[in-house]
Amino acid sequence: MTTASIKETTNIGVSKPRVDVREKVTGAAIFTDDIQFGAGLLYARVKRSPYPHAIIKRIDTSKAKALPGVKVVVTGEDFPHRTGLYLKDRYIFARDRVRFVGEPVAGVAAISEEIAQKATDLIEVEYEVLPGVHDPVYGASPEAPLLHPDLGNYEVPNFIFPVPNTNISNHFKVRKGDVDAAWSQCAAIVEHTFRVPHVQHVPIEPHVAIAQVDGEGNITLWASSQSPFAQRNLIAKSLNMPESKIRVIAPLIGGGFGSKAGITMEAIPVAIAMKAKGHPVKFRLTREEEFFTNFVRQGLVAKIKVGCDKDGRLLAIQNEMYWDGGGYTDYGVNITRAGGYSGSGPFDCPNVKVDSMCVYTNHPVGGAYRGFGMSEVHTGIVQAMHMLSEKIGMDFAEFLKLNVVQEGDKILTGMTMHKTGIKECIDKVTQAVNWGIKEPPSAPNKRRGKGLAVMWKAPAMPPNAGSSALVKLNEDASVTVLIGGQEIGQGSFTAMAQIAAESLGVPFESVKVKGPIDTQYSPYEWQTVASRLTWSMGNAVRNAALDARKKIIDMVAEAWGEKPEDLDIKDGYVISYKTEESISLKDIVVYGIPKPDYSGWVGGPIVGSGNFMPTYVTGLDKETGQGERAVVHYTTGAQAVDLEVDLDTGQITILKAASAFDVGKAINPDLVKSQIEGGFVQGMSSAIFEEMKLVNGVMQNPSFVDYRIATTADIPKVIEAYIVEAPQDDGPWGARGVGEHPMVPTIACLANAIYDATGVRVSNPPLSAEKIYLALLDAGVVK
Amino acid sequence: MSFHRIILTVNGSTEQVDVPGNMTLLQMLREKLALTGTKNGCAAGECGACTVLMNGEPVNSCMVLAAECDGAEIVTVEGLAQDGQLDIVQQTIIDEGGVQCGFCTPGMLISARALLNRNPSPTEAEIREALVGNLCRCTGYARIISAVKAAAEATQ
Ligand code: FES
Ligand code: FES
């Protein structure tokens with residue numbers, strides 16, 4: 001479908017109310033831990049490694065097994081198959097070696113959580129501690145101990161490039177033009193190393209999963225999950241069994257932000273339940289475990305060099321990135337890839353060299369986190385551009401508008417950029433903060449400054465990640481939309497209801513989209529990640545609704561002896577433009593329509609089906625990163641802030657934050673704005689407060705008291721969100737995704753503003769009051 | 001393990017429950033009374049997802065022992081709406097778009113209701129202060145704050 005097919009609409013571009021909201025305000029909404037399993041429920045706990053790197057010499061589970069109330073104890077011996085989303089480098093429970101603090105070594109199920117915990121304490125594990133790797137730059141060097149000697153033998157898709165006999169599990173390269181030759185042409189050059197610490201997703205709902213295995217060995221898993229289908233596939237792989245024996249049910253989820261994608265703790269209750277047939281086995285992470293035993297956002301060290309000519313035109317970008325992947329990088333390898341193919345930032349530049357390396361370390365395991373590497377990449381590259389603009393003596397907004405990527409540009413991988421509204425985004429946010437006008441601070445001990453940042457991000461996924469949908473009509477003319485994509489708070493169910501209503505020609509209120517997602521009944525969806533649902537699943541739902549529409553129209557056309565072209569569906573009625581007849585969808589969509597003179601019937605229960613899969617994504621050359629089309633599309637945007645820095649404390653107060661993103665088409669503008677606002681605050685929180693403090697692989701601050709996230713006390717006085725719409729050629733009504741993007745530019749935006757206010761650059765998050773104050777002291781701004 | 005028999009009022013109905021000595025109010029509500037609207041986000045008194053009204057005051061139910069609730073009057077999120085009619089703050093949080101994943105929402109609503117009960121026309125600073133112990137990772141709070149303001153205005 002193309003944007004040319006847009007006609008007058010009452011459901012698209014309209015802020016319809018959320019379809020899931022009433023149950024969420026009354027407490028009726030069912031999340032995974034709310035499901036009641038009754039007697040027979042067992043509780044799982046896990047024995048975890050206290051060491052970042054060690055050989056397991058001996059495990060003795062006899063005391064745990066002897067504890068009354070304990071039903072099952074399992075170890076890595078029981079599960080010999082490796083799993084992993086991209087690189088298959090992990091076991092469910094460690095076998096012979098542990099590689100991060102918190103790695104599961106054994107699992108227990110007992111009749112209560114307390115007994116299960118007591119039993120894990122009784123498990124004896126003897127370790128031989130090995131030297132660890134706690135820095136990715138060191139980890140990539142030949143001196144570092146090898147963490148995965150078998151790396152060369154791991155199963156991996158052809159777009160991930162491990163370097164055997166090193167700790168580099170993916171080395172993604174871009175070579176465009178010739179950066180080395182370009183430096184001598186540059187009038188200004190900036191070189192800087194940026195460090196982004198590990199942070200945690202912190203969904204308010206901790207991970208929870210319940211597994212049950214029946215007498216035939218069929219597995220059912222209830223999980224707080226962004227990825228029921230991917231999890232079914234990964235569990236099948238790790239247990240060496242067919243997908244058809246596994247059913248994953250995913251109710252509403254209390255925030256995921258990527259942490260509930262791929263697979264982490266969900267395999268554990270499954271493994272245990274296999275040895276306790278019939279019993280449901282519940283495993284929930286404590287808040288402390290939530291902080292470091294599950295996916296984290298990887299740390300990054302980025303060595304960046306950028307240069308421009310005397311007019312401010314970019315001539316060369318070099319970005320050497322060392323990702324702190326952690327003990328396993330099954331998901332991290334693709335974050336590294338995404339960081340690599342977008343590693344120039346949204347800039348048009350003739351010479352680009354990127355090396356993006358995923359490095360094994362003895363840190364917690366990296367996984368997807370809202371932005372999938374892009375916050376980390378933009379922290380460095382956008383600050384470097386700010387520094388360069390200053391060096392060449394140009395206003396940053398002008399510098400950006402001169403250099404941002406535009407339709408028709410060949411981006412760093414050789415792909416031709418599609419239509420994008422990034423310049424309009426810059427205009428919107430600079431206007432919002434009175435860019436270019438120096439405004440006075442509110443008190444003599446404060447400095448006021450403005451910051452600006454731009455961003456881009458493409459969905460990072462396998463080239464052929466697919467979506468499917470079914471649209472089913474009911475006797476009362478209500479419509480049920482079946483999908484496999486999840487409602488994680490972003491409003492996907494509401495957007496899908498709008499798309500189905502519009503495509504079919506029925507009122508929005510008559511469309512039902514409800515969870516749980518159930519791999520046994522819901523159509524396939526790769527994962528709810530990458531800001532891909534509105535675009536990909538949206539296309540599938542539209543296709544399914546159009547299929548249902550065609551079936552209805554053909555049925556009525558046959559019954560009425562008319563041509564389908566003369567019929568339409570509006571407001572739940574089939575109407576004929578020719579005869580001006582109309583008939584309600586009620587009953588006919590299930591029972592069909594009698595032929596004249598009772599000579600039989602036409603029709604039957606109506607179900608429409610549709611799917612969508614991008615078929616045009618090409619591979620990228622291993623040595624140059626060049627290829628026809630690396631990704632499906634880029635969503636771009638800009639952010640600006642107006643803030644004050646308190647010279648006495650280093651504390652910042654954001655007076656105004658403005659964000660603009662090119663979403664192609666906002667199916668539901670209010671939900672888009674909600675994503676933009678919430679994303680800004682999450683980005684701000686990660687920029688100012690958040691850091692997993694790791695000392696020799698041990699997290700020092702695994703609680704809400706010691707790992708602070710933004711509260712009502714911290715948010716800006718004014719948060720503004722702007723929507724820009726340069727349509728996507730293959731998106732439903734031109735839509736593309738925006739779920740992750742709002743937090744991507746925030747760290748750089750705030751760092752640039754602090755510099756503008758004080759003349760001091762604090763480049764590495766968290767931009768805490770303490771760090772800012774010390775930097776001001778260091779620079780002599782305060783005494 | 002010692003069991004206690006307690007009698008208390010939950011959302012207006014009298015309940016008699018036998019609870020182990022170490023069971024929290026949060027566990028009792030969720031596991032004994034099937035009131036799963038109240039959420040567990042940390043079990044450590046740090047996130048506010050488990051907030052309920054106890055004798056009119058907002059408390060983190062994960063930090064209260066069930067055995068201490070003998071004779072208490074508890075209101076959970078399930079008790080906010082009366083006869084299918086939403087509490088005004090439930091309505092305004094819908095209208096303002098202050099709900100995303102919805103996991104913090106029950107605790108937020110209870111804290112907001114407690115604030116409005118003791119202070120029917122709070123300032124923005126008072127609203128921020130009253131909700132500071134309720135963490136939300138999705139919304140960025142602004143729409144939740146507006147919802148409480150709107151609820152206060154609507155009841156003036
Ligand atoms: S669950 Fe009680 S405060 Fe977090
Ligand atoms: S709406 Fe998700 S935590 Fe508040």
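Before going on, the ground rules. This is a predicted model, where local features need pLDDT of at least 70 and side-chain atom pairs count only at pLDDT 80 or more, while totals for chains, interfaces and linings use all residues. Residues are numbered from 1 along each chain as its sequence is written, chains are lettered from A and ligands numbered from 1 in the order in which they are written, and side-chain values use heavy atoms, with hydrogens and water left out.

Back to the rings. Over all chains there are 16 aromatic pairs. One of them joins Phe172(A) and Tyr341(A) edge-to-face, at 6.4 Å centre to centre with 80° between the planes. Phe172(A) belongs to strand E7 (residues 168-176) and Tyr341(A) to helix H9 (residues 332-341), so this pair ties together parts of chain A that are 169 residues apart in sequence. Helices (H or I, at least four residues) and strands (E, at least two) are DSSP runs, numbered from the N terminus. Both Phe172(A) and Tyr341(A) are buried, where buried means under 20% relative accessible area, exposed over 50% and partly exposed in between (1.4 Å probe, protein chains only).

Another edge-to-face pair is Phe291(A) with Phe704(A), 5.9 Å centre to centre and 80° between the planes. Phe291(A) is in helix H8 (residues 287-292), and Phe704(A) is in the loop between strand E30 (698-699) and strand E31 (718-724), 413 residues apart. Both of these Phe residues are buried as well.

Charges also meet rings. The charged end of Arg708(A) sits over the ring of Phe689(A), 4.2 Å from its centre. Arg761(A) lies over the face of Tyr755(A), at 4.8 Å from the ring centre. The rule asks for NZ of Lys or CZ of Arg within 6 Å of the ring centre and within 35 degrees of the ring normal.

Next, the interface. In chain A, 51 residues are in contact with 40 residues of chain B, contact meaning heavy atoms within 4.5 Å. The area buried between the two chains is about 3700 Å², and carbon and sulfur atoms give 55% of that. Buried area is the accessible area (1.4 Å probe) that two parts lose on being put together, summed over both. Val25(A), Ile204(A) and Thr712(A) supply 20% of what chain A buries against chain B, more than any other three residues.

There are 7 salt bridges across this interface, each a side-chain nitrogen of Lys or Arg within 4 Å of a carboxyl oxygen of Asp or Glu. Asp34(A) forms a salt bridge with Lys39(B), with the closest N and O atoms 2.5 Å apart. Helix H1 (21-26) and helix H16 (669-688) of chain A each supply at least two residues of the side that touches chain B. The largest share of that side, 9 residues, comes from H16(A).

The loop between strand E28 (652-662) and H16 of chain A holds Gly664(A). Is Gly664(A) buried or exposed? At 4% relative accessibility, Gly664(A) counts as buried. Leaving aside neighbours within four places in sequence, its contacts include Val724(A), Pro727(A) and Arg736(A).

Conventions: Phe/Tyr/Trp six-rings, centres within 6.5 Å; stacked < 30°, edge-to-face > 60°.
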